[in-house]
Amino acid sequence: MSGERQLTCREVVEIVTDYLEGAMTSMERARFEEHLSACDGCANYLRQMRETIRLTGMLEEDQIPQEQKRELLMAFRGWRRD
Ligand SMILES: [Zn+2]
């Protein structure tokens with residue numbers, strides 16, 4: 001274990017609302033952004049979330065369709081071959 005561990009795509013998807021709500025510590029946010037800078041899938045996901053919020057003017061966990069969330073997680077799993 002090396003102190004600072006990388007976030008997984010799954011974790012990013014789960015905490016994206018915290019990020020958008022500003023409910024993270026600066027350290028958590030740094031890790032989150034570090035993952036995004038290296039992961040197109042999550043960067044895309046965040047962009048979609050932002051667009052949704054812009055259109056609806058609000059942010060609720062329920063607004064992420066469960067099915068879409070599951071598809072994303074499946075896709076992420078496919079990319080990770082470690
Ligand atoms: Zn990712």
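Me: In what order do the elements of the protein chain run from the N terminus on?
Reply: The order is α-α-α-α. One thing to keep in mind is that this is a predicted model.

Me: How many helices and how many strands does the chain have?
Reply: There are 4 helices and 0 strands in the protein chain.

Me: What percentage of the residues count as buried?
Reply: The protein chain has 82 residues, and 10% of them count as buried.

Me: Let's look at the packing. How do α1 and α2 cross?
Reply: Helix α1 covers residues 9-21 and helix α2 covers residues 26-38. Their axes come within 11 Å and cross at roughly 125 degrees. That angle makes α1 oblique to α2.

Me: Left-handed or right-handed, that crossing of α1 and α2?
Reply: It's left-handed.

Me: Which residues meet there?
Reply: From α1 you have Val 12, Ile 15 and Tyr 19, and they meet Arg 29, Phe 32 and His 35 in α2. Sorted by class, the contact of α1 with α2 has 4 nonpolar, 1 polar and 1 charged residues.

Me: What does Phe 32 touch, leaving out residues up to four places away in sequence?
Reply: Phe 32 touches Leu 7, Val 12, Ile 15, Tyr 19 and Met 24 on that count.

Me: OK, on to α3. At what angle do α1 and α3 pack?
Reply: About 30 degrees, and their axes are 10 Å apart. Angles under 35 degrees count as roughly parallel, so α1 and α3 are roughly parallel to each other. As for handedness, α1 passes α3 in a right-handed crossing.

Me: Which residues make that contact?
Reply: On the α1 side they are Cys 9, Val 12, Val 13, Val 16 and Leu 20. On the α3 side they are Gly 41, Cys 42, Tyr 45, Leu 46, Met 49 and Ile 53. By class, the contact of α1 with α3 divides into 10 nonpolar, 1 polar and no charged residues.

Me: Now the core. Which residues are in the largest nonpolar one?
Reply: The largest nonpolar core has 8 residues: Val 12, Val 13, Val 16, Phe 32, Leu 36, Cys 42, Tyr 45 and Leu 72.

Me: And which helices each supply at least two residues of this core?
Reply: α1, α2 and α3 (40-56) each do. The largest share of this core is 3 residues, and that comes from α1.

Me: How far is Leu 20 from Arg 50?
Reply: Their C-alpha atoms are separated by 7.9 Å, and Leu 20 and Arg 50 are 30 residues apart along the chain.

Me: What about Glu 33, where does that one lie?
Reply: Glu 33 lies in helix α2. With 14 C-beta neighbours inside 10 Å, Glu 33 counts as partly exposed. Glu 33 and Tyr 19 are 9.4 Å apart in space, C-alpha to C-alpha, and 14 residues apart in sequence.

Me: Last one. Among contacts between residues at least 6 apart in sequence, what percentage join residues at least 24 apart?
Reply: In the protein chain, that's 67% of those contacts.

Methods
Residues numbered from 1 in each chain as written. Predicted model: local features only at pLDDT ≥ 70, side-chain atom pairs only at ≥ 80, totals over all residues. Axes fitted to C-alpha atoms, helices over the stretch in contact; angles between N-to-C directions. Parallel < 35°, antiparallel > 145°, perpendicular 65-115°, else oblique. Left-handed = near helix turned anticlockwise from the far one by under 90°. Contact = placed C-beta atoms within 7 Å. Nonpolar A, V, L, I, M, F, W, Y, C, P; charged D, E, K, R; others polar. Core = buried A, V, L, I, M, F, W, Y, C linked by C-beta atoms within 7 Å. Buried ≥ 20, exposed ≤ 12 C-beta atoms within 10 Å, placed from the backbone.
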